[in-house]
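Please have the structure open beside you as you read.

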Amino acid sequence: MEIQMTVVCSQLLQIMALLAVGYLSICTRLLPASVLDAFAKYIMNIALPAMLIYQIPQTANRALLLDALPLLIVAFLTYGALLLMGYGAGRLLRYEKGRMRINMVQTAIGNYAVIGIPVISSMIGDAAGVYLVVIMLIDQIYLNLVAFPLTLPAENGQRLNISLLKRLLNPLAIAMLAALGMIMLDIFVAEESVVGYTLSSIVGGCKSLSIIFLGGMLATLHIKEKSCLLGAFLTVFLRMLLMPLVVYSIAGYFPISCTGRQVLSLTVALPSVLSVVAMTRVNGTDSEYATVGVCTTTLCYPFTLPIVVWCLNRMT
């Protein structure tokens with residue numbers, strides 16, 4: 001299936017406009033920075049879970065889910081390969097151990113929840129639903145059980161305890177599992193029902209609010225160490241330009257549909273996950289480098305995505 005460039009351009013213009021709204025709202029103090037915490041909790045704990053429970057079971061069925069299982073394996077290997085790529089880039093740039101770990105996280109984990117789910121579903125449509133859920137399963141595992149330990153101080157970075165396992169029991173992960181169960185049981189929420197109307201109302205503003213939140217977060221991030229930019233731009237090239245095309249080509253050797261390959265490639269093309277900044281701040285590690293990476297990859301995304309989509313269309 002060819003991705004329409006007009007749809008991509010429309011999505012990018014919306015993203016840039018919404019980022020500007022969020023950024024200017026915080027800079028001009030129309031909204032206090034403290035409201036961002038409430039935004040984050042609403043998006044992660046209510047809006048995105050509602051999207052998964054309401055939209056995904058309506059657009060997928062048991063046969064599609066079973067057909068998507070090979071994507072689960074390829075996605076797991078892809079995230080692992082991205083981690084190794086981040087490690088190699090860190091070695092090339094001669095980073096010390098703590099910064100190398102953060103570089104691995106930023107190279108491997110994209111901003112899947114805030115940007116990936118709403119944008120990819122808008123670009124590809126209902127056909128992307130089941131693949132988004134499958135990839136989210138891998139994304140949540142890597143984010144909570146791999147990314148968080150890597151942002152700990154180097155001497156504690158490999159410690160895995162029960163508190164890390166509890167991180168998997170968040171509303172987004174529970175909604176993901178619920179959506180998988182509903183697909184397997186062929187259950188969905190009827191649009192004309194009271195519950196359906198409520199969920200659809202919540203889902204309607206999910207994408208806009210998510211990107212406005214991201215723009216507001218960018219307004220609160222301050223870059224002091226400009227030397228970090230080299231690593232950030234290397235991440236843009238490796239993760240957001242090169243790897244999506246490599247992944248699309250390799251996934252062609254597996255029994256994965258064209259749409260599934262496109263969803264996985266567009267996932268790889270996402271900017272670095274925003275939560276890495278919060279993780280490094282909480283853990284007292286290199287939050288400056290994490291900030292530079294998030295800002296740079298997010299601002300480059302409107303320019304790298306059309307290139308990736310054009311290449312994917314040529315390879316389809």
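Start with helix α6, residues 112–124. A straight helix of 13 residues would span 18 Å at 1.5 Å a residue, yet the end C-alpha atoms of α6 are only 15 Å apart. That expected span is 1.5 Å times one less than the number of residues, and helices here are DSSP runs of H or I with at least four residues, numbered from the N terminus.

Before going on, a word on the ground rules. This is a predicted model, in which local features need pLDDT of at least 70 and side-chain atom pairs count only at pLDDT 80 or more, while totals for chains, interfaces and linings use all residues. Residues are numbered from 1 along each chain as its sequence is written, and side-chain values use heavy atoms, with hydrogens and water left out.

Back at α6, how many of its 13 residues are buried? The helix is mostly covered, with 12 of them buried, where buried means under 20% relative accessible area, exposed means over 50%, and partly exposed lies in between (1.4 Å probe, protein chains only). Among the buried residues of α6 are Y112, G116, P118 and I124. Just after the helix comes G125, with a positive phi of about 95°.

A pocket, on a 1 Å grid over the protein atoms alone, is an open set of points with protein on both sides within 12 Å along at least five of seven lines; a cavity is a set of points where a 1.4 Å probe fits but cannot get out, and lining residues have an atom within 4 Å of a point. The largest pocket has a volume of about 1,000 Å³. Of the 35 residues that line the pocket, A40, M44, L274, S275 and A278 are the closest to its centre. Volume here is the space filled by probe spheres set on the grid points, which are joined across faces, edges and corners.

Which helices build the lining of this pocket? At least two residues each come from α2, α6, α7, α9 (171–184), α11 and α14 (275–283), and α2 gives the largest share, with seven residues. By class, the lining has 22 nonpolar, eight polar and five charged residues. In this scheme Ala, Val, Leu, Ile, Met, Phe, Trp, Tyr, Cys and Pro count as nonpolar, Asp, Glu, Lys and Arg as charged, and the others, Gly among them, as polar.

The structure holds one cavity of 30 Å³ or more, and the largest cavity has a volume of about 30 Å³. Its lining is made by M85, G86, A89, L93, N103, T107, G231, L234, T235 and L238. Helices α4 (69–92), α5 (97–108) and α12 (229–251) each supply at least two of the lining residues, and α12 gives the most, with four. The lining of this cavity has five nonpolar, five polar and no charged residues.

Stay with α12 to find Y248. With a relative accessible area of 1%, Y248 is buried. Leaving aside residues up to four places away in sequence, Y248 touches C258, R261, Q262, S265, L312, M315 and T316, contact meaning heavy atoms within 4.5 Å.

Now turn to α10, residues 194–204, whose buried residues are G196, L199 and V203. Seen down the axis of α10, these residues fall within an arc of 70°, so they line one face of the helix; the arc is that of the directions from the helix axis to the C-beta atoms. They pack against α2 (35–59) and α11 (206–220). The face turned away from this buried side carries the exposed residues V194, Y197 and G204.

R94 lies between α4 and α5, and D186 is found between α9 and α10. R94 has a positive phi of about 60° although it is not a glycine, and D186 likewise has a positive phi of about 60° without being a glycine. R94 is exposed, with a relative accessible area of 77%, and D186 counts as exposed at 57% relative accessibility.
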